[in-house]
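I opened the model to look up how its parts touch one another. My notes follow in the order I made them.

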Amino acid sequence: MKINMSHGSGGKASAELMRNIFGKYFGNEVLDKMEDAAVLDLPGKIAYSTDSFVVTPVVFKGGDIGKLSVCGTVNDLLMLGAEPKYLTAGFILEEGLELDQLETIVASMAETAKKAGVVIVAGDTKVVEGRGGLFINTSGIGLIPEGRDVSAANCEQGDVILLSGTLGDHHACILSARMEIENNIASDCACLNDIPNTLFQHGIHVKTMRDVTRGGLATVLNEIADTSQCGVELREDDIPVHPEVMGFCDILGLDPLTMGNEGKMIVIVPEEDAEKALTLMKETAVGRDAVIIGKATAGKGVVMKTRIGGSRVVDVLYGEGLPRIC
Amino acid sequence: MKETKTVKIKIWGIVQGVGFRPFVAKLADRFGMKGEVLNIGGLVDIVLSDTPDRIEAFLEALKKEKPVPAEIVHINILELPYRDFESFVILDSDEGDDEAAMIPADLSICPDCLAELQEERNPRFQHPFISCMVCGPRYTIIDKIPYDRENTSMMDFPMCEFCYGEYTNRHDRRYHAQTISCHECGPMLEYRLSGDYPTESSSLKVSRQEAAAIGLIGWKGSGTDAQKNAEPLAWAMNLILNGSIIALKGVGGYYFVCSPFREDAVKMLRNLKIREEKPFAVMFQNIEEIKNHCSMSEEEERLLLSSAKPIVLLERKQERKENGKAPGSGTAAQWADTDKSICEEVYRSSRFIGAFLPSMGLQHMLLELCGPLIMTSANLSDMPIIKDEEEMFALMASNPNLAGVFYNERKIRIRLDDSVARIIDGQPQMIRRSKGYAPVPLYIANKLSKHKMIFAAGGQLKSSFALSKGPFSYVSQYFGDLDSKEACDLYQENLDRMKELFRIRPNLAVCDLHPLYFTTKFTEEYASRHNIPILKVQHHHAHVASVMAEHHLKGTVIGISFDGTGYGTDGNVWGGEFLLCEGAGFDRLGHLDYVRMVGGDTSMKEGFKSSMCYLYHHIQRGELQWEDLPQVWQEDPRWPMVKGALEHGINTIESSSMGRLFDAVAALSGIQQVNRYEGECAIMLENEAASALQRGLEPVPMSFAIGEAGPGGIDSAPIFRSIVKALREGIDKGRIALGFHDAVAEMIRMKCIGIRKEKGTNEAALTGGVFQNKILMEKTLHLLRKEGFQVYYNISVGPNDGGICVGQNYIGMHYMENKA
Ligand SMILES: [Fe+3]
Ligand SMILES: [Mg+2]
Ligand SMILES: [Zn+2]
Ligand SMILES: [Zn+2]
């Protein structure tokens, strides 16, 4: 069966959709009250974030838009040192969407939320004309425990930058699917809870965390360099890229440094904590390929030490495909 | 009898401190002319009373016979009220106001100094740094003007009594020669060997006798100082003959040096420089030696011998294996009968050898011992040339491929690579303007006062910038590609330095349109920091303007601007452009039809990808059938990715690039699949065409469809149809390459005729990196001239992106003139 306009009418079809799909998977104490708003009892400092998800295809190797929409917001909360607690989910469904597919996605969302320790406390669904697509918005709330101060502005000269794993997987996976190319590249889509959890538990002085999403590592590091008034120095050899992803990028002229990921983050710690932080990250499933990729310097911008000992300025992505070579 | 008049001849250029006034006086005496000559604020003024014909003849002789180090940038003639002179006199210098400060370029060793270098009884016998008033380093050692010894890095070497005597003697050829030195007081040749080598001289494989036998003259020198040089020289020779690489400090930076006869050494050098494919320049002792390996015209000989001593691209002769043994490790004595053919590893697939002659005493001495020698800028890949000892020692410590560093303590202030030039159409054309030319300005005719100053930032590749003051444009040296931070830093450092030296405070900044060029971002920041306006100039317009600037063209010009990539005003990638240019503006009158291409910098290097994009484009339009493609192309496993990207618009761009079309044709024809260095596919395609010409083969007929069909008016579909057909028929790829060159030249002819009909313009400018292609250039010149076009091309700056700054400068000047 497919989604049609009646599913968004507020009538019987809507109620069925609520009960058979959203209620079935998301059911929890707050949501089940069916009030106009969720009432939450929250102490202390709160982190609050929102994000919309529009990926095509909606199901891909390694994940789907549902998983993505939970991971995206959970990760954003985590990066501020918060412990994610509650999510809301807004769905925009296009006419013609298969109900089965919707169910798969909602189930995947529920499972991801459970793993990430968040509860979906409010939601909304609209149906629009279209071609069977699906868009999700999530927003989330997390609590920042007393004494935690994680911010891009905290990065100082001499600090060490760690990356949780390989670059470009999600982007390459989505592009492969869009191009209908068969390969083994899977999205890295994942909630990153384990990394901050273990680092904080073991008393690592975490200064800055950022998830490496759209715009890639290049964008994230340039933002950090700007905000913190530090330079960032990377070593080309230390940047992990899966060989199949590298081959994929080569032929399309893409740079893994500017490609999006959905389950990767950087952590910036003082030099004395670096090795310990690396060991802890490697012990987690989402950080098993973690590496130290560079350090903050007295300079400006992001510079990568190349294999031959030179340096290349790493810029943020500008448009698509524009070459400089003459 | 013709009327006699009085004129003032104002000469801008390197005309002070080079014996210019005495030369003018002598010349005037020869002509029997009366008047006066004086230095005035950096210029020379000549006032004469004579007939116009005779004055003209005098000027011709002046330009032709000027002293070697003198450089005339611009001459202006003004008529004065009639004056009667009794004789011709040199007047004392007048301070005047500082019109346009000029600093001489570095000058290669003069014949007099070379003779002294080789003359045993001379006090400067075998002095590696011998120089005089008319030769020696200049720009590379200067700190500030005026060019005096204490303002150069020679200040670390106080003159000895002997040198001071010459320096202060009005009649000596070293009178006021700022770089004067000798064994007693000058820099010494010093050396340090890699840790892998024992440094006791007992381990030197060249014995004293052997050294003497093969002409290591230092050993038989009488002076102890000459002997001091002999030890490092013997080591250098020993290492080179044994197939090692040494670093040698030259004028504008270090060189890596090894023997072009030793394949093992050259391979190691490729390793060291991380340079897989690019040919290496070879330095020869003299013209005769070059002739053993390259063919050479008179013009090429003259260019090789010119004071800048540029690297000249010469067509290589087939190397004849001599009957000698292959050069193996061994002593100098065995060297004499080893094979002296330049190994393929030096030039790889190139049909040219970059040949040049020594420019300093040290190089002469080393070449005499074991030349010819590969002498290539000491840098790694695209990094700047190394100039300081510390950096070179560090490299040697970390790199086992480098056996020794041969240095001296004279500091290099400014890094300069060797210049590269060639002869095209019977005259010299610059490919890389650097040592021996920088920083002598170009004169670009305009009405701006000296208070109007411009900074023109140049491009991204083969970069250089220009700073202008009134009509004089000071073009910087070559910085290579601005991809490394080191190159970018060097660019900025040299900009500051040059602004300081020439006292230029720009009131306008000009840069490229490309948002990703370092120079664009830098200029935006620069302009806002200095609160001056910024002008962004389209890349191919700048190419054409560089030709207009050099030839002082006025009115409209048809610019044929062909290269790899430039950012267009529509956000697309341009590169096969016909632009009608005038003053500071241009109209785009035609271009290669846009083709959607897989983007990114790396894609630009891959000819096979360009080829696939072109094939896909024409198949989509129904101009070509998939089944027509050669089997290998149909079966290429990379298709799905390229097709997928094009179909779904993933990382793609619209491109009218001629460079990419050359790449596509080279790849499709099975000639070259990737550009391992810039332009390799196009160079290989040209090589194939050259070989077809040599073998007397007929070109495969092919042509572009010119008309209104596509938005650019130039459709390559018929070209691809012809090539695909020829490939299926198994036709020699040389014939395909030649046919393609013909088709491009013919297309230019047709387009130009069309534009002339519509716009009435008869002047054409050929520019952009594609016109480094000699066959295309000469074919096009021939066709256009036959049609009566007046054709111009770059002379003093490269047709490649090295010339971009001059074009930007020209457009900036026009912009300022219009504002005024
Ligand atoms: Fe160009
Ligand atoms: Mg986000
Ligand atoms: Zn001399
Ligand atoms: Zn002396």
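Entry 1: I started with contacts inside chain A: 22 residues of domain 1 of chain A are in contact with 21 residues of domain 2 of chain A. Contact here is C-beta atoms, placed from the backbone, within 7 Å. The model is predicted: local features need pLDDT of at least 70, side-chain atom pairs count only at pLDDT 80 or more, and totals for chains, interfaces and linings use all residues. Residues are numbered from 1 along each chain as its sequence is written, while chains are lettered from A and ligands numbered from 1 in the order in which they are written.

On the domain 1 side of chain A, helix H3 (65–78) and helix H4 (99–116) each supply at least two residues. I take helices (H or I, at least four residues) and strands (E, at least two) as DSSP runs, numbered from the N terminus. H3(A) gives the most to that side, nine residues. By class I find 10 nonpolar, eight polar and four charged residues there. Nonpolar is Ala, Val, Leu, Ile, Met, Phe, Trp, Tyr, Cys and Pro; charged is Asp, Glu, Lys and Arg; the others, Gly among them, are polar.

**Entry 2: bounds.** The assignment for chain A, automatic or from a database, sets domain 1 at 5–144 and domain 2 at 152–313. Their C-alpha centres lie 28 Å apart. I then checked UniProt, where an unreviewed entry places "domain: PurM-like N-terminal" at residues 35–144 of chain A. That stretch of chain A, 35–144, is 29% helix and 42% strand. UniProt also places "domain: PurM-like C-terminal" (unreviewed entry) at residues 157–304 of chain A. Residues 157–304 of chain A are 34% helix and 20% strand. Such annotations may be inferred rather than shown by experiment.

**Entry 3: chain B against chain A.** I count 39 residues of chain B in contact with 25 residues of chain A. H19(B) brings the largest share of the chain B side, five residues. That side divides into 16 nonpolar, 15 polar and eight charged residues.

**Entry 4: a helix pair in chain B.** At what angle do H20 (658–668) and H21 (680–694) of chain B pack? I read about 60 degrees, with the axes 8 Å apart. Axes are lines fitted to C-alpha atoms, for helices over the stretch in contact, and angles run from 0 to 180 degrees between N-to-C directions. H20(B) and H21(B) are therefore oblique to each other. Residues that meet include Phe662(B) in H20(B) and Leu685(B) in H21(B).

Definitions and conventions. Parallel < 35°, antiparallel > 145°, perpendicular 65-115°, else oblique. Contact = placed C-beta atoms within 7 Å.
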